[in-house]
Amino acid sequence: MKGLIYQIKSVRKDKFCIMSFLLPVAVAIILKAAGSVDLSSLGELQFGVVAGEVAPETECWLERYGTVTAYPTRNELVSAIREPSTNLIGVEMNGNGIKTILSGDELTVWQKTAETLPALYGQRGTAEQADVYIMERPDILAGYQNIFVAMTLLVAMFMGCTFNAMNIISEKEDGIAYINEILPMSSKGYMVQKIFIGFIFGCLSSLATAAVCFRLPPARAAVMLALIVLSAFVSAMAGLLIGRFSNGLMTGMVCIKMVMIVFMAVPLLYYLSGGSFVCHLIPSSAAFEGIMDLANGGAETAGKDLAILAGHCVAWFLLYLFCKKSKKKTL
């Protein structure tokens with residue numbers, strides 16, 4: 001128990017580990033806030049007119065297609081149109097019709113709209129006789145938010161790799177590793193201590209991230225918890241291997257970056273392209289598939305994903321024992 005307390009104290013002093021723990025939670029909060037922002041207004045047409053120079057019925061007609069802003073003078077209207085940050089379409093009366101004013105830097109869709117608007121205004125009488133159906137505007141982020149959330153949770157799940165690897169590498173850099181070799185501590189106790197730090201903090205980071213991103217019923221929450229526990233254990237074992245075979249901080253950082261890239265890229269490509277089962281050789285693929293299934297309201301692949309992750313837990317544990325045994329024989 002004293003050894004575990006010491007490991008927790010050592011993490012408290014490691015700013016990199018603290019940042020690794022808090023980063024997924026912070027990103028989850030940002031994604032949650034972004035999901036509640038209504039972005040539909042970004043695609044809404046914006047018209048500008050000179051106050052008093054456009055007939056009221058024309059303004060009412062324009063309001064059917066977007067927002068109308070009245071400017072006191074024409075110079076102010078032109079300045080607003082020329083503002084690079086806007087896609088404002090200026091509208092002026094042209095006899096019985098209207099004409100539009102553009103600066104030329106608007107998006108193509110706004111330019112096409114400005115070209116069509118005078119003709120549409122001229123046929124407004126005929127258009128009013130047609131039935132109008134207002135269709136629901138799709139959410140801009142609806143197709144991507146679950147992927148962003150799943151990737152964030154995946155990073156949190158496999159953050160134990162960073163915890164363990166950096167902890168062991170720091171001990172090597174500070175010379176503590178030599179002290180550990182002469183302490184009356186069994187190799188089993190050492191392994192438990194090192195797995196504990198990455199596993200516990202990886203689980204805590206993942207649970208905090210999941211709590212921010214998801215509101216799951218009890219059955220699916222239990223599946224999510226199982227995914228987190230198994231993924232955190234695999235991650236802790238990966239960090240144990242990286243820390244054991246890294247000779248220095250730079251080598252460890254490169255290995256951590258490579259592992260994290262593989263853990264994130266493979267499941268994303270697998271999900272987007274419908275890749276083969278071979279992708280499940282990377283443990284994060286099963287975790288990502290399970291998260292996406294839960295995010296989309298289902299749990300059909302839960303059993304398969306949990307079985308794959310459990311197999312990875314056993315395989316990575318045996319791999320660590322084999323590497324440790326091989327190193328002893330070499331020495």
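Helices H12 and H13 are oblique to each other, because their axes cross at roughly 55°; oblique is what remains when angles under 35 degrees count as roughly parallel, over 145 as roughly antiparallel and 65 to 115 as roughly perpendicular. H12 covers residues 249–273 and H13 residues 283–295, and the two axes come within 8 Å. An axis here is a line fitted to C-alpha atoms, for helices over the stretch in contact, and angles run from 0 to 180 degrees between N-to-C directions. Helices are DSSP runs of H or I with at least four residues, strands are runs of E with at least two, and both are numbered from the N terminus.

Before I go on, the model is predicted: local features need pLDDT of at least 70, side-chain atom pairs count only at pLDDT 80 or more, and totals for chains, interfaces and linings use all residues. Residues are numbered from 1 along each chain as its sequence is written, and side-chain values use heavy atoms, with hydrogens and water left out.

Back to the pair. On the H12 side the contact takes in Val 262, Phe 263, Val 266, Pro 267, Leu 268, Tyr 270 and Tyr 271. On the H13 side are Pro 283, Ser 284, Ser 285, Phe 288, Glu 289 and Met 292. Contact means heavy atoms within 4.5 Å. By class, this contact of H12 with H13 has 10 nonpolar, 2 polar and 1 charged residues. Nonpolar covers Ala, Val, Leu, Ile, Met, Phe, Trp, Tyr, Cys and Pro; charged covers Asp, Glu, Lys and Arg; the others, Gly among them, are polar.

How buried is H13? 12 of its 13 residues are buried, so H13 is largely enclosed by the rest of the structure. Buried means under 20% relative accessible area, exposed over 50%, and partly exposed in between, with a 1.4 Å probe and protein chains only. The buried residues of H13 include Glu 289 and Asp 293. After H13 comes Gly 297, with a positive phi near 90°.

H13 also packs on H11, residues 218–245, where the axes come within 10 Å and cross at roughly 165°. H11 and H13 are therefore roughly antiparallel, and their crossing is left-handed. Arg 220, Val 223, Met 224, Leu 227, Ser 231 and Val 234 of H11 make this contact with Pro 283, Ala 287, Gly 290, Ile 291 and Leu 294 of H13. Those residues divide into 8 nonpolar, 2 polar and 1 charged.

Now the other neighbour of H12. H7 and H12 pack at about 150°, axes 11 Å apart, which makes H7 roughly antiparallel to H12. The H7 residues in the contact are Ile 147, Met 151, Leu 154 and Val 155, and the H12 residues include Phe 263, Pro 267, Leu 268 and Tyr 271. This contact has 11 nonpolar, no polar and no charged residues. The crossing of H7 and H12 is right-handed. Of the 13 residues of H7, 11 are buried, so H7 is largely enclosed by the rest of the structure.

Tyr 270 is buried, with a relative accessible area of 13%. Tyr 270 and Ala 286 are 16 residues apart in sequence, and their C-alpha atoms are 10.0 Å apart.

For the whole chain, there are 14 helices and 4 strands, and 39% of the 331 residues count as buried.

Key. A crossing is left-handed if the near helix is turned anticlockwise from the far one by less than a right angle, and right-handed if clockwise.
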